[in-house]
Structures are given as C-alpha cells and as structure tokens.
Amino acid sequence: MKTRDTDRQWERLLKALITKTPTDEYCEKLTKAGFDGIEVQNWDVSVEEARQARAFVEKHGLCIHSVMRGWTNFNASEKEKVDADIQSVETSLRAAAAYGASTVLLVPCRIGGMTMPEPWDFDIDFDPKTLNVKTVAAGDNSAYADYIKAQNLATEVSIRAVETLIPTAAREGVIIALENVGNNLWSTPEFLAAFVKSFGSPWVQTYFDLGNHTRYSRCEEWLTALQGTIVKLHIKDSAISEAKGKRGGGPSQRVPIGTGTIDWKNVRKVLEEIRYSGWMTVESSGLTDAEHSKFLDEHFGE
C-alpha cells in the first residue's frame, strides 16, 4: 500500500495544526513555530483547487497531511441523505489525493436523545464477529434498550457505507481514518478497535484523539487496544475531576495542553511500545503556536 506522505510520516514525530484555508501569514507562522504540516478542513473543493493549495503550502516547506471530512450521518433514515454523505466522502478522498494528504478524517455516525450509561460506566458486551451489542453496562439494561438498538443500527450502516468507500480510497491512495468523537458510539477501547479491524482493510484505520475519550478510559488503554490501526493523532488535554470508572474515566473538561490529568510521560511510553511516531496534530487552545510546538518537542521529541 502506498500513500502520499507515508514514507515521511513514520520517520519521526511530525507536528501539525488545523486550518480551513492556509494563507501566507498562516504558513509563515507555522514554519516559524517549528511545525511540519497542516490538516485542512476544506474537503469540498475541486481537484484543481486542492492541487493549487498543495503547491502554495509546499512553497513554505510544509505539507497538507490530512483532510477533516468530520461528521457524516450514515444512519439517517432517508436513503438520499446517506447517499449524499457517501458521495461527500468520495469528494473528500479525491481532494485529499490532490492535496497530497494520506488520510481523510471521518466520523461515521452519531446518536443521542436516549438513555445511556454514564461514560465511565460503559461495559459493552458485543459479539466479536457481528459486533452486535448485547448489553452496554453491568446489571439491568432495560433502560438502555433504545440506545442498544441505535448502536447496532449505526454499526451496521457504518460498515456498509465505509465498505462502499474502500475502492475509492484505494484508487486515490488515501486512508479513511475513523475518529470517534462525541457520537456516543463504540465507547470502549475494545469495541472501537474491533469496529476498525472488522474492515480488514489497510485503507480503513484510526485517527485517535488523545483528549476526547478520557471520560471513558485512560489514554493508555485506548492506545494499547488500537495499536496497529492508528495512523494519525490529535493532541488535546482534559482534566478528570474524579476517576469513577474501573478504567479510570470520569467527569472531564477540556483544558490547555499540559494542564490536565493526562499522564503525558506514560502516553509517550505507550506510543513507543506500539511503535507510533507519526503525525501529531494539535487541536487545542490556550497556548501560542510556539508553546504548542515546544510542548510536543519536550514530550514526544527524539
């Protein structure tokens, strides 16, 4: 399998920030702060527009390593909406190839509006072959019946949609990198890992955010479970006010990097154990670009 920045990606830590439309001022600022690349939010662009943006960014010695397609609604009740979202991801894959990016970040579904366990109480029993969920917490699950039904539907339709997209991803040489963020799905490390691995394709991997899931489980548990599937990382921090779950999760809030409860030294150790050394894209506020760059160098540099 060959992707456009794969060779560069695995040489060392590579630092990036997120932007919609890169400008001269933005690129110069990133270069001065010591960043290597950009993750772009503009996925709905023509191939020619993406090629022009690539040339513009590379003029500054940077690269566009990923495209953030973000939320889709593969579990919409209307077939037309599902088809439109699938087509939109195909557009983002073609744009990513023209940008020179190796991944498209995709959040397949989201559900809500029904009774669910507290994040730290999730204990999901699922069939490893079908991924069909039986229970989502210890004890009586009758209150969660609607949630279990919605979870199983989301898994089924997401698998169907992503499998439809794999040929386009392979043709364009761009990985579909699944991110799990605020969508109330695949909410334990083992379940998310099983979902990603179920595709059995090098073109479907994980884009993992170190700060998004601490309310469910510690970063280290997620990283260990997802090893072998992680192609990109988002970097943010969170503060757990009180660990309540057996996995170390609890009520949390987003805070500037380095001020939360994530054990960055231990995260570094686990990343080394699972042999991750690729892109780290900052998705945080509260620090300057230079301070974000310095934090990454100090905690993840060679």
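Colleague: How many disulfides does a search of the whole structure find?

Modeller: This is a predicted model, in which local features need pLDDT of at least 70 and side-chain atom pairs count only at pLDDT 80 or more, while totals for chains, interfaces and linings use all residues. Residues are numbered from 1 along each chain as its sequence is written, and side-chain values use heavy atoms, with hydrogens and water left out. A disulfide is a pair of cysteine sulfur atoms within 2.5 Å. Searched over the whole structure, the number of disulfides is zero.

Colleague: How far from Cys 63 is the nearest cysteine sulfur?

Modeller: Cys 63 is buried (under 20% relative accessible area, where exposed is over 50% and partly exposed is in between, with a 1.4 Å probe and protein chains only), its own value being 11%. Cys 63 is in no disulfide. The nearest cysteine sulfur belongs to Cys 27, and its distance is 11 Å.

Colleague: Which residues of helix α2 are buried?

Modeller: Helices (H or I, at least four residues) and strands (E, at least two) are DSSP runs numbered from the N terminus, and α2 covers residues 24-33. On the other side of α2, Glu 25 and Lys 32 are exposed. The buried residues of α2 are Tyr 26, Cys 27, Leu 30 and Ala 33. The arc, taken from the directions from the helix axis to the C-beta atoms, is only 130° for these four, which puts them on the same side of α2: Tyr 26, Cys 27, Leu 30 and Ala 33.

Colleague: Within what arc do the buried residues of α7 fall?

Modeller: In α7 (residues 219-226), the buried residues are Cys 219, Glu 220, Trp 222, Leu 223 and Leu 226. They line one face of the helix, because seen down the axis of α7 they fall within an arc of 160°.

Colleague: Which residue just after α7 takes a positive phi?

Modeller: The buried residues of α7 are covered by elements including α6, β8 (204-209), β9 (230-235) and α8 (264-273). Just after the helix, a positive phi of about 90° is taken by Gly 228.

Colleague: What is the angle between the planes of Phe 126 and Phe 191?

Modeller: Rings of Phe, Tyr and Trp (its six-membered ring) pair if their centres lie within 6.5 Å, and planes under 30 degrees apart count as stacked, over 60 as edge-to-face and the rest as tilted. A search of the whole structure finds eight aromatic pairs. Phe 126 and Phe 191 form one that is stacked, at 4.6 Å centre to centre, with an angle between the planes of 25°.

Colleague: How many residues apart are Phe 126 and Phe 191?

Modeller: Both are buried. Phe 126 is in strand β5 (residues 125-126) and Phe 191 in helix α6 (residues 189-197). The pair links distant parts of the chain, with a separation in residues of 65.

Colleague: Why is the pair of Trp 186 and Phe 195 stacked?

Modeller: Trp 186 is in the loop between β7 (175-178) and α6, and has a positive phi of about 50° although it is not a glycine. Trp 186 and Phe 195 are both buried, each with a relative accessible area of 1%. The pair is stacked because the ring centres are 4.1 Å apart and the planes are at 10°.

Colleague: Over which ring does the charged end of Arg 69 sit?

Modeller: A charge sits over a ring if NZ of Lys or CZ of Arg is within 6 Å of the ring centre and within 35 degrees of the ring normal. Arg 110 lies over the face of Trp 71, at 4.2 Å from the ring centre. For Arg 69 the distance to the centre is 4.3 Å, and the ring is that of Trp 43.

Colleague: In β11, which residue is the bridge partner of Ile 240?

Modeller: Two strands pair if DSSP finds at least two bridges between them; β10 (residues 237-240) and β11 (residues 252-255) pair in the antiparallel sense over four bridges. Both faces of β10 are covered, with Asp 237 and Ala 239 buried on one side and Ser 238 and Ile 240 on the other. In β11, the bridge partner of Ile 240 is Ser 252.

Colleague: Leaving aside its neighbours within four places in sequence, with which residues is Ala 169 in contact?

Modeller: Ala 169 is found in helix α5 (residues 145-172) and counts as buried at 0% relative accessibility. With contact meaning heavy atoms within 4.5 Å, the residues are Leu 93, Val 174, Ile 176 and Trp 203.
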